Amino acid sequence: MESPKNGDMPEDVILEILLRLPVKTLLQFKCVCKQWYSLIGSSSFVNQHFRHLSNQERLLIRHYRPDKERYAFALYVDEIFSGYEEPDHLQMPVTVAALMGPLNGVFCVVSLSGQMALLNPAMRQFKPLPLIHANVQPYLSSYDNLLGFGLDPLSGDYKLVSIQYFWNEEMDAPHYPSIVSVYNSGSDSWRHFEDADLVNSSRCAYRSLCNTYLNGVYYWLTEFNDTDVAILAFDMSSEKFREIQVPDCIKSKEGDLTLYRDSIALLSCDLDKIEKRVDVWVMEKGCWNKISTIGPFEDIRWPLGLWKDNEFFLDFHIPSADAVVGFVDHLARLLQYNGRCPRRSWDEILRATVEICHSNMQLTFDLILIEAE
Amino acid sequence: MVTTDEKGPLTAKKKSVIIRSCDGDEFLVSESAAVLSTSLKKILEEKEDRLIHLSDIDNKTLAMVIAYLSTHADDGLSDDLKRSFDQEFVSGKEFDVLKYLVLATDTLQVTCLCYTVAKKMADIMKNKLVEWVRREFDIQNDYTPEAEAEIRRLDAWAWDDRQLEDD
């Protein structure tokens, strides 16, 4: 019997094999033939490959390179504090001020100059977005820009919502209302509108600990009338805002929104107490439940986020090390901290900013790396 | 000639079916093993005939698939043992053998074996040249040299630092 020919190999079998190859190999195998090129480039293949079990665990890390005096980005194949492999360095064409995401492996990048782009680090694709051109009166100046990155679940397009708060220079007062701009990757353009009810200068919205987008909706924690707290939600399909109330027991505490599994979560902590505890509230079916309290800690500065299923990222203050970031599990055992960072890439004591994006999580924090020897 | 698999005497008491390869050899297989293949299960549901003829699977490949099915139908084996059997099953096998196997799993619709073989094939292909892939899958290069160079240029980074194998 002859060896099986290409014609004998059904496309679904080829697909099963290609789904198990790394991105780099797939980009090379686009050259095999036109059929493989269209298969590998198809959006259904891209989605299946991303969701495939063996292809998910990656970390996007930002760190400072003192030798080159700039920040470097790298995509790691394993967890940050163990099992280091030679990082896959990314050439970022702009100086990055903020990273949002990832959603299906894609990040939204905001540069220091305000330029925005979509980044797919595994494919090394960097797609600049058109500039926001809203008709703004010359006496208005933008003093804050709140962003939310999400997907339109109906079309599958990436969407970015930008809320710009303006200052009226003539009257020396905040301008009312704000301008909302929505970018749609399908049309590669922005749509602008004003929202006076929920988005205005009397309502202060906070950036979340991670990209708090879930099932077609982006969420921000907001404060208004000095003391009132509510969640502002933006529907990525209908492009409408709505308000979600929070229970009183949350209102009295300071907190930050984040994601926990498939829910919106609020991490709150009373920093005035000596023994600090972090409460984890989760919104399920419109109700808030306190699912966990970790601590007490004496030296925590602020909770930074959640790691995997039941681990927390905390910003500690330890006098001997100035600042330490550690992982803590739900029993508050310190699992790992930055004393175990790789020495191959950073072989001296240096100050670095590390940005970690894992699944739906993104954290930004300052980190002191200490070389053991 | 009827060849029984290793567990023949034990499973003989249960219902069995005979599967004939394209070379004409016949294999006695317990029904519990056969029905792990979605295609065989459908055939058995539709007709009483206990002889199934597979016109596009050769002796050697069919024997391997049946060994796999019999192991996975064995209730006495733990999932861990079955997993290590799977690893052992594909390790060291030539790419050519894996190609026949993956085609057989597609015909017989044995999903979990298809995944195991596809993974093994992907592991082998990971560090191979495009030319090697074309040869192994007997694929005609339908690009002009200019078109191929253009694709390489677009994702130049993917080609930069690797030692690719041609054998």
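I take helices (H or I, at least four residues) and strands (E, at least two) as DSSP runs, numbered from the N terminus. I call two strands paired if DSSP finds at least two bridges between them.

**Entry: ground rules.** I am working with a predicted model: local features need pLDDT of at least 70, side-chain atom pairs count only at pLDDT 80 or more, and totals for chains, interfaces and linings use all residues. Residues are numbered from 1 along each chain as its sequence is written, while chains are lettered from A and ligands numbered from 1 in the order in which they are written.

Entry: I began with β20(A) and β21(A), which form a hairpin with two residues between them. In the turn, A:K285 has a positive phi of about 50°. Strand β20 covers residues 276-284 of chain A and strand β21 covers residues 287-297. The two run antiparallel and are joined by eight bridges. I picked out two facing positions. A:V282 has A:N289 in β21(A) as its bridge partner. A:D279 stands opposite A:T293.

Entry: The order is β18-β19-β20-β21 in chain A, an open sheet of four strands with antiparallel pairing. β18 (255-260) and β21 stand at the edges with a single partner strand each, so one side of each is left without a neighbour in the sheet. Neighbouring strands here are turned by 25° against each other on average, direction ignored. For such angles, axes are lines fitted to C-alpha atoms, for helices over the stretch in contact, and angles run from 0 to 180 degrees between N-to-C directions.

**Entry: another sheet in chain A.** I found an open sheet of four strands with the order β4-β5-β6-β7 and antiparallel pairing. Its edge strands are β4 (96-103) and β7 (125-128), each pairing on one side only. β4(A) pairs with β5 (residues 106-111) over five bridges, in the antiparallel sense. A:L103 has A:V106 in β5(A) as its bridge partner.

**Entry: chain A overall.** I noted five helices and 27 strands in chain A. Buried residues make up 32% of its 373 residues. Buried means 20 or more other C-beta atoms within 10 Å of the residue's own, with C-beta atoms placed from the backbone.

**Entry: a helix pair in chain B.** How do α6(B) and α7(B) pack? Helix α6 (residues 95-108) and helix α7 (residues 111-125) pack at an angle of about 150°, with their axes 9 Å apart. They are therefore roughly antiparallel to each other, a term for angles over 145 degrees. α6(B) passes α7(B) in a left-handed crossing, where the near helix is turned anticlockwise from the far one by less than a right angle. Residues of α6(B) that meet α7(B) include B:F95, B:L98 and B:L101. On α7(B), B:L113, B:V117 and B:I124 are among them. By class, this contact has 10 nonpolar, one polar and two charged residues. Ala, Val, Leu, Ile, Met, Phe, Trp, Tyr, Cys and Pro count as nonpolar, Asp, Glu, Lys and Arg as charged, and the others, Gly among them, as polar.

**Entry: where the chains touch.** I counted 26 residues of chain A in contact with 32 residues of chain B. Contact means C-beta atoms, placed from the backbone, within 7 Å. Which helix gives the largest share of the side of chain A that touches chain B? It is α2(A), with five residues. This side of chain A has 13 nonpolar, four polar and nine charged residues.

Technical notes. A residue is buried if 20 or more other C-beta atoms lie within 10 Å of its own, exposed if 12 or fewer, and partly exposed in between; C-beta atoms are placed from the backbone. Angles under 35 degrees count as roughly parallel, over 145 as roughly antiparallel, 65 to 115 as roughly perpendicular and the rest as oblique. Two residues are in contact if their C-beta atoms, placed from the backbone, lie within 7 Å.
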